[in-house]
Amino acid sequence: MYKGSAFAVYSKSRYLDFIEVGTIADDIHPGPFKHYGIHALNHIIDVVSTEPPSISVIQRDREEE
């Protein structure tokens, strides 16, 4: 369950379930997690963090041929 499209914030996900079961981290230490997803054309980047990610858009200059 998530909100968003290219950048999504998940309220419930299998990845959050995996982090809960597969690590010693919990809501007390280091704190409650959020799952962020960046949905690109051919890839999905999953980020689980206690803090919102910092995202910057970088303009790439193309060389003229």
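Visitor: What radius of gyration does the protein have, and what would a compact globule of 65 residues have?

Guide: In this predicted model, whose local features need pLDDT of at least 70 and whose side-chain atom pairs count only at pLDDT 80 or more, totals for chains, interfaces and linings use all residues. Residues are numbered from 1 along each chain as its sequence is written, and side-chain values use heavy atoms, with hydrogens and water left out. The protein has a radius of gyration of 15 Å, whereas a compact globule of 65 residues would have one near 11 Å; the radius is taken over C-alpha atoms, and the globule rule is 2.2 Å times the number of residues to the power 0.38. Along its principal axes, the C-alpha trace spans about 55 × 20 × 20 Å.

Visitor: Which elements does the protein have, and in what order do they run?

Guide: The protein has one helix and four strands, and from the N terminus on they follow the order β-β-α-β-β. These names rest on DSSP runs, numbered from the N terminus, in which a helix is H or I over at least four residues and a strand is E over at least two.

Visitor: What makes β3 and β4 a pair of strands?

Guide: Two strands pair if DSSP finds at least two bridges between them, and six bridges join β3 (residues 34-39) to β4 (residues 44-49), which run antiparallel. The two strands form a hairpin with four residues between them, and within this pairing His 35 stands opposite Val 48 in β4. β3 also pairs with β2 in the antiparallel sense, over four bridges, where Phe 7 stands opposite Ile 38.

Visitor: Why is His 35 called buried?

Guide: Buried means under 20% relative accessible area, exposed means over 50%, and partly exposed is in between (1.4 Å probe, protein chains only). His 35, in strand β3, has a relative accessible area of 3%, so His 35 counts as buried. Buried residues make up 17% of the 65 residues in the protein.

Visitor: How do you know that the side chains of His 35 and Asp 46 make a polar contact?

Guide: A polar contact is a pair of N or O atoms within 3.5 Å; within protein, one must be able to donate a hydrogen and the other to accept it, and residues adjacent in sequence count only if both atoms are side-chain atoms. The side chains of His 35 and Asp 46 are joined at 2.9 Å, and the side chain of Ser 13 makes a polar contact with that of His 35 at 2.7 Å. Ser 13 lies in the loop between β2 (7-10) and α1 (14-22), and a relative accessible area of 10% is why Ser 13 is called buried.

Visitor: Which residues is His 35 in contact with, leaving aside its neighbours within four places in sequence?

Guide: With contact meaning heavy atoms within 4.5 Å, the residues in contact with His 35 include Ala 8, Tyr 10, Ser 13, Leu 16, Asp 46 and Val 48. On the same terms, Ser 49 is in contact with Pro 32, Phe 33 and Lys 34.

Visitor: What makes Phe 7 and Tyr 36 a stacked aromatic pair?

Guide: Rings of Phe, Tyr and Trp (its six-membered ring) pair if their centres lie within 6.5 Å, and planes under 30 degrees apart count as stacked, over 60 as edge-to-face and the rest as tilted. The structure holds two aromatic pairs. Phe 7 and Tyr 36 form a stacked one, at 6.0 Å centre to centre and 25° between the planes. Phe 7 lies in strand β2 and Tyr 36 in strand β3, so this pair ties together parts that are 29 residues apart in sequence. In the pair of Tyr 15 and Phe 18, the ring centres are 6.3 Å apart and the planes stand at 15°, so this pair too is stacked. Tyr 15 and Phe 18 are three residues apart in helix α1, which separates them by about one helical turn.
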